[in-house]
Amino acid sequence: MRSGAFSEEPSAASEREPDEVPAELPTQLRWRVSTGFAALKCGVTAVLVLAAVFLADDRRALTALVVAALVAGGYALRDVLAPVRLAADPAGITVVTGFAGHRRLGWDEIERVRLESRTRAGLRSELLEIDTGDTLHLLSTYDLNARPADVAADLARIQAISGSPR
């Protein structure tokens, strides 16, 4: 699924060769959930809670609204507690794990970073896969607030700076 916030023009990151290391680019990068998207989740939670208050007489509607508010609130809380989903530097990466935990991985622990792209029902979705052999970390456009292809190119560039073999 492609967000309307991103243009279809390829970025400078996707036009670079992975081994090409421009000096002007940073060596430490962080990708976080969009604050607007997190605010939207908080707003949806608030609307669901208000609807539950006004429909308190109807038990079925109240139950459905409370469950929906809890789910939306859980997703919003995760965005507040762990907004940074991926961070990279020459020593390795830090990925979000579980609800709001983080795990530090050195470049030598990462077996593969790849882009998974699928088209279903006419919609294209991309995921960034970070495979450690034991765990697989999947990050979407919404997790990264960037195209996974651009993030993969940036990770390859930072890994090249570190001198770690791929």
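How far apart do the end C-alpha atoms of residues 37–55 lie, and what percentages of the span are helix and strand?

A: The end C-alpha atoms of residues 37–55 lie 27 Å apart, and the span is 95% helix and 0% strand, where helices (H or I, at least four residues) and strands (E, at least two) are DSSP runs numbered from the N terminus. UniProt, in an unreviewed entry, places the feature "transmembrane region" at these residues; such positions are given in the numbering used here, feature names are shortened, and annotations may be inferred rather than shown by experiment.

Before going further, note that this is a predicted model, in which local features need pLDDT of at least 70 and side-chain atom pairs count only at pLDDT 80 or more, while totals for chains, interfaces and linings use all residues. Residues are numbered from 1 along each chain as its sequence is written, and side-chain values use heavy atoms, with hydrogens and water left out.

Around that span, the protein chain has five helices and seven strands, and from the N terminus on its elements run α-β-α-α-β-β-β-β-β-β-α-α. Of its 166 residues, 35% are buried, meaning under 20% relative accessible area with a 1.4 Å probe and protein chains only, whereas exposed means over 50% and partly exposed lies in between.

Elsewhere in the chain, an open sheet of three strands has the order S5-S6-S7, with antiparallel pairing, and two strands count as paired if DSSP finds at least two bridges between them. Its edge strands, each pairing on one side only, are S5 (112–120) and S7 (136–140). Strand S6 (residues 123–131) is joined to S7 by five bridges, and Ile-130 stands opposite His-137 in S7.

Helix H5 (residues 148–162) lies across S5, S6 and S7 and runs at about 25° to S6; contact means heavy atoms within 4.5 Å, and angles run from 0 to 180 degrees between N-to-C directions, with axes fitted as lines to C-alpha atoms, for helices over the stretch in contact. With 15 residues, H5 reaches 21 Å from its first C-alpha to its last, close to the 21 Å expected at 1.5 Å a residue, the expected span being 1.5 Å times one less than the number of residues. Among the buried residues of H5 are Val-151, Leu-155 and Ile-158, and just after this helix Gly-163 takes a positive phi of about 85°.
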